[in-house]
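Below is a short note on the model, point by point. Please read it with the structure open.

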Amino acid sequence: MLALAKELFAYMGARKKWWLAPVLIILILFGGLLILAQGSAVAPFIYTVF
């Protein structure tokens, strides 16, 4: 997993595609939110947003 992150940042640096960083961060945060809320009472409210 760490190797994938290194390779991704190397790609973004070489190709000057730094605009991808905020997109990836948002995707990771949303994924973490969905995983954490999967078994809680908040889950129905979060799934209606998506």
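1. The largest pocket is lined by M1, L4, A5, L8, F9, M12, A21, L24, I25, L27 and I28. A pocket is an open set of points on a 1 Å grid over the protein atoms alone, with protein on both sides within 12 Å along at least five of seven lines, and lining residues have an atom within 4 Å of a point. The elements giving two or more residues to this lining are α1 (2-15) and α2; helices are DSSP runs of H or I with at least four residues, numbered from the N terminus.

2. This is a predicted model, in which local features need pLDDT of at least 70, side-chain atom pairs count only at pLDDT 80 or more, and totals for chains, interfaces and linings use all residues. Residues are numbered from 1 along each chain as its sequence is written, and side-chain values use heavy atoms, with hydrogens and water left out.

3. The volume of the largest pocket is about 280 Å³. By class, its lining has 11 nonpolar, no polar and no charged residues.

4. L27 lies in helix α2. Its relative accessible area is 55%, so L27 is exposed (buried is under 20%, exposed over 50%, partly exposed in between, with a 1.4 Å probe and protein chains only). From C-alpha to C-alpha, L27 and K6 are 18 Å apart in space, and 21 residues separate them in sequence.

5. I25, I26, L29, F30 and L33 make a nonpolar surface patch of about 460 Å². Patch residues have over 30% relative accessible area and no salt bridge, and nonpolar side chains are joined within 5 Å. L33 is in helix α2 (residues 20-36) and counts as partly exposed because its relative accessibility is 38%.

6. K16 sits in the loop between α1 and α2. Its phi is near 55°, a positive value in a residue other than glycine. K16 counts as exposed, at 64% relative accessibility.

Methods. Patch = residues over 30% accessible without salt bridge, like charges linked within 9 Å, V, L, I, M, F, W, Y side chains within 5 Å. Areas by Shrake-Rupley, 256 points an atom, 1.4 Å probe, with all protein chains shown as cover. Salt bridge = Lys/Arg side-chain N within 4 Å of Asp/Glu carboxyl O. 1 Å grid on protein atoms, 1.4 Å probe; cavity = no way out; pocket = protein on both sides within 12 Å on 5 of 7 lines; lining within 4 Å. Points joined across faces, edges and corners; volume = space filled by probe spheres on them. Nonpolar A, V, L, I, M, F, W, Y, C, P; charged D, E, K, R; others polar.
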